[in-house]
Amino acid sequence: MNTSVIINTAFPLPAPDVEALLQGQTIAAMPGIFVNPGRQFALYPCDTFTNALPTEQYYRSNFLQMAQQSLAELDSETVLIRAWARCELCQILDDTDSVELLSRLTVWTKEALQQTFKKRGYIFLAYLRVYRLPQPLEIPTVANGRFMPLPQPLTVTETTPVFGRVFFEQRSRQMKERQLPPLCKFEWLHREIVPLADTNFAAKELAQEIKSFLGWVSPQPLQRVDSDLIWIETIAKVGNSGDAQEFNQLVRQGLLKLGFTNSNENRQASLESEVNLGTDTLDFYSEAPYPIVGKCQANFSEKQLEQMLLELSKLDYKHLQAKYDYCLRLIVAPAKLTPTALQTAKEHKISVIHPETLQSLVEMQAQHQGCIDLIKLKEYFQDTYGLIDEKVEQYLAEVRQNIKVRSHLVQLVKNYLHNAGLKDTAIDALHNTYSASSQTPQLSPQEMHEILVELSSPLTGYLGRIKGKNWQSDRFYFLRSLA
């Protein structure tokens, strides 16, 4: 059974070393003290002041970019705990004969290992079985020492290991005997690809495939990453720049991604056309699922926004005529609303959002396809005219909560079946387990059943469903995780 583990302490390691452990680049750490096998602790990422060489010389070239990024993300006031570990073995190395092979099995350079030997006269090499936390834990920064108490105990399980048991034991044996793994070329390919994964989605998918092939993770359907995130993540940046034409196109693409469509062949009232800039034109128009019309502009001044609001109220009549009264009117621009602009927006029922807000909406849709309900979103658009960023963020918070509940239910089914040794289960057992976890919001058995049916739809496929005579007798089983 998968029992809970109580973690009371954290152990500081250089942030790049923690990242390497999390990314599966290594199973070893070089603590400054001997760590007793069996000891369990949270991994506390810290600076590299204890390292024997500068970062550029300490870490291997194919890991250097990731090492530098992990250091850049350190905060002076808080620390993000993302994993916990159990020490399986701690060796004391007092010779330099095997540093070259040890370097090839880890992320440290040969020179870094040699300098560490020279500085200390020995090396502690800890073999760590690492588990990711379901949710990162943010704690105040403390002075780096050895083991340090956590602000409050952390209850964790072993459901999210970086490596499966078989692979970890394999790698441990190779580390002890200083043997390169038989699939070394694939592991080297994985190491080369991982630094590209944050910006290249094909690289991210290939890295996942390699990890599955090597047995580092349990075989399961891979979460496909939407390559549109490449341009989606530029919306805010371009919107706050002076590139009006590129921003215009990004807004159109964003609205299409959200699910807006139209069949209007007039290039001045279209989402599809490539260019559409001018004072007498609409920048976008959609007919479905409801008519929405608007303008957008990058790097706009407050006075220009006032003028744009007036233009939009007139352009609606010019291009759409009788359809105008039924349109939701929207402006996407970075400028603030002056009192005059706010009055104009309310008078003509125009909503204004910043580029950052549009990007947040489209990112959410790309990360969880179909999660944005445009009909519900319309209610937030029409609730308050003028600047509506806060209203849209309220809607996004609701979406995030819905996803969080569904992700928790999928994990609940997985863990319950694993712990009980079952292949499937009924709603009553799941509801009792859910209620006992004090998860919010609390759900009635009927509400939980509705969500479980949704998650077991062929179009979602996170769970499977064995239909019973009535809803109480339906049974569910786990298929894949909802990230």
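User: In this predicted model, which residues does aspartate 424 touch, not counting residues up to four places away in sequence?

Analyst: Let's start by finding aspartate 424, which sits in the loop between helix 16 and strand 12. Leaving out residues up to four places away in sequence, the residues touched by aspartate 424 are Leu417, Ile466, Arg475, Phe476 and Tyr477.

User: With which side chain does the side chain of aspartate 424 make a polar contact?

Analyst: Arg475 is one of the residues that aspartate 424 touches. The two side chains make a polar contact at 2.4 Å. The partner is arginine 475.

User: Nice! And what is the bridge partner of isoleucine 466 in strand 14?

Analyst: Strand 13 covers 463–466, and strand 14 covers residues 475–478. These two strands run antiparallel and are joined by four bridges. For isoleucine 466, the bridge partner is arginine 475.

User: Which strands are the edge strands of this sheet?

Analyst: Here we have an open sheet of three strands, paired antiparallel, in the order 12-14-13. An edge strand pairs on one side only.

User: At about what angle does helix 16 run to strand 14?

Analyst: Picture helix 16 lying across strand 12, strand 13 and strand 14. Helix 18 packs on the sheet too, touching strand 13 and strand 14, and its direction makes about 110° with that of strand 13. For helix 16 and strand 14, the angle is about 90°.

User: Are helix 14 and helix 16 roughly parallel or roughly perpendicular to each other?

Analyst: The axes of helix 14 (residues 355–367) and helix 16 (residues 389–420) come within 10 Å and cross at roughly 20°. Angles under 35 degrees count as roughly parallel. Helix 14 and helix 16 are therefore roughly parallel.

User: How many nonpolar residues are in the contact of helix 14 with helix 16?

Analyst: On the helix 14 side are Thr357, Ser360, Leu361 and Met364, and they meet residues of helix 16 including Asp389, Val392 and Arg400. By class, this contact has two polar and two charged residues, and the nonpolar ones number seven.

User: How is helix 17 oriented relative to helix 18, roughly parallel or roughly perpendicular?

Analyst: Helix 17 (residues 427–436) packs against helix 18 at an angle of about 110°, with the axes 10 Å apart. Angles from 65 to 115 degrees count as roughly perpendicular. So helix 17 and helix 18 are roughly perpendicular.

User: How many charged residues does the contact of helix 17 with helix 18 have?

Analyst: Ile427, Leu430, His431 and Tyr434 in helix 17 meet Pro445, Met448, His449 and Leu452 in helix 18. These divide into six nonpolar and two polar residues, and the number of charged ones is none.

Technical notes: Residues are numbered from 1 along each chain as its sequence is written. This is a predicted model: local features need pLDDT of at least 70, side-chain atom pairs count only at pLDDT 80 or more; totals for chains, interfaces and linings use all residues. Side-chain values use heavy atoms; hydrogens and water are left out. Axes are lines fitted to C-alpha atoms, for helices over the stretch in contact, and angles run from 0 to 180 degrees between N-to-C directions. Angles under 35 degrees count as roughly parallel, over 145 as roughly antiparallel, 65 to 115 as roughly perpendicular and the rest as oblique. Contact means heavy atoms within 4.5 Å. Ala, Val, Leu, Ile, Met, Phe, Trp, Tyr, Cys and Pro count as nonpolar, Asp, Glu, Lys and Arg as charged, and the others, Gly among them, as polar. Two strands pair if DSSP finds at least two bridges between them. A polar contact is a pair of N or O atoms within 3.5 Å; within protein, one must be able to donate a hydrogen and the other to accept it, and residues adjacent in sequence count only if both atoms are side-chain atoms.
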